Amino acid sequence: MMNCKNIREILDLYVDRELSPEATVQAETHLAECVECRNTVARLKRLGQAVKTAVSQYQPPTQLVDQVRRSTASRWRRATTWVPIAATILLLAVLALSAPQIRAAVAAELEVAAFHLDDARATVMEGKLLCRDCLLKDEYGYHAMCPTRGHHGSLETSDGKIWNILDGQASDELIHNPKLLGRTIRIHGRCFRRASSVEVDSYEVL
Amino acid sequence: MALRWTGRSKRFERDALPHLPAIYRMARQLVGTEAADDLVQETFLRAWKYFESFDSTTNCRAWLFHILRNVWISRWRKSHLELPLTETAEEQIEPYYDWEDEFLRDEMSEEIEHALSDLPADYRLTVLLADVEELTYEEIARVMECPIGTVMSRLNRGRKMLARLIRSYDQERGSSPKPETFMRRKS
């Protein structure tokens, strides 16, 4: 059981809510019975409140708030410089691609990447059946042997790429039947991108 | 790195900057109005610098007060002389026997501020951290880098000293200049 002497030794802890729950109950039991101690607690609380009121009336000047924000904001902007850096790199990349040599090099690299990512993939390809040798003859002056050896059917897809059709039972007609040249064909098979070749499992003439 | 900085700056804005008013009012009580702005700025610059070391599960305001105190000690306090506290006397908590009369009235801010400025700095800081900022004793001990027992004794003695000074200034108010005190102002 607390007496006046005991409680006045722990008044700060009581007012600051630092006492254990058991000690708080004991203190409050005494305070309920003792007017003098109750008044002392009230005075101590009033002192704390008066100090708080006196000190809290001051607010930082707007100028100071701005200065602190600015001094740390400059660091935030530095932290976000990756945005303009990324934009510059992108712009340089676009400009670089306008140079034919760089474009060819990039295309080759992309092709290599595509080989690794996409080779030997089961696919459905659609395109126009053309004679590869005649096409190369027309475009590059290749000495085609078609008049003596016959045409060699290949598939030109909509992206302009020419795919060799690999020999096989299902592909014989596509390669060697000149009547199919110029027709649109849908091939089901496997794509070997690295060799620009397609293996035919079946096909449809559209 | 950039993303890490961006996240850090967002956390700093969210966790630290809202405490600027509290840091300012404490700085004002430690070094006065003139130097408070510099102390606040340096505190926040140092807080930014070491923000990675801040444990977000703890009280950011208490962490900022700790930095404020360190900056104040390193930049301001060293250049001012202050009578040292006698730590052995500090450990004794005295009861409030001489504290029975009513002396607090409304509109006493001037006397209270005057009395606060005459408290030894460590007492002043401890009382303000408890009464104004409402930190726990444990948080105050971390800010002040002292044992909790020292926090308790400084609070006890600081409040009593403060009450006596307020009462004394109030009694002499209007009839004479502010009384000479035994403590130095604004360390």
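1. pLDDT is the predictor's confidence in each residue, on a scale from 0 to 100, and helices (H or I, at least four residues) and strands (E, at least two) are DSSP runs numbered from the N terminus. This is a predicted model, in which local features need pLDDT of at least 70 and side-chain atom pairs count only at 80 or more, while totals for chains, interfaces and linings use all residues. Residues are numbered from 1 along each chain as its sequence is written, chains are lettered from A and ligands numbered from 1 in the order written, and side-chain values use heavy atoms, without hydrogens and water.

2. Confidence in chain A averages 84, with 91% of its residues at 70 or more.

3. Chain A has 10 helices and five strands, whereas chain B has eight helices and zero strands. Of the 206 residues in chain A, 33% are buried (under 20% relative accessible area; exposed is over 50%, partly exposed in between; 1.4 Å probe, protein chains only). In chain B, 56% of the 187 residues are buried.

4. Contact means heavy atoms within 4.5 Å. Of the chain A contacts between residues at least 6 apart in sequence, 58% join residues at least 24 apart. For chain B, 78% of the contacts with a separation of 6 or more are between residues 24 or more positions apart.

5. A nonpolar core is a set of buried Ala, Val, Leu, Ile, Met, Phe, Trp, Tyr and Cys residues joined through side-chain atoms within 4.5 Å. The largest has 79 residues, and A:V51, B:V40, B:F44, B:F65, B:L129 and B:L162 have the most contacts inside it. Helix α2 (residues 20-49) of chain B gives the largest share of this core, 15 residues. Beyond its neighbours within four places in sequence, A:V51 contacts B:I112, B:L116, B:L128, B:V132 and B:L162. Another core, of 13 residues, lies apart from it and includes A:M125, A:L129, A:L155 and A:L174.

6. Which residues make the nonpolar surface patch of about 320 Å²? They are A:L97, A:I102, A:V106 and A:L110. Patch members have over 30% relative accessible area and no salt bridge, with like charges joined within 9 Å and nonpolar side chains (Val, Leu, Ile, Met, Phe, Trp, Tyr) within 5 Å; a salt bridge is a side-chain nitrogen of Lys or Arg within 4 Å of a carboxyl oxygen of Asp or Glu. Areas are from the Shrake-Rupley method with a 1.4 Å probe, and for residues only the protein chains shown count as cover. A:I102 lies in helix α7 (residues 100-118) of chain A and is partly exposed, at 38% relative accessible area.
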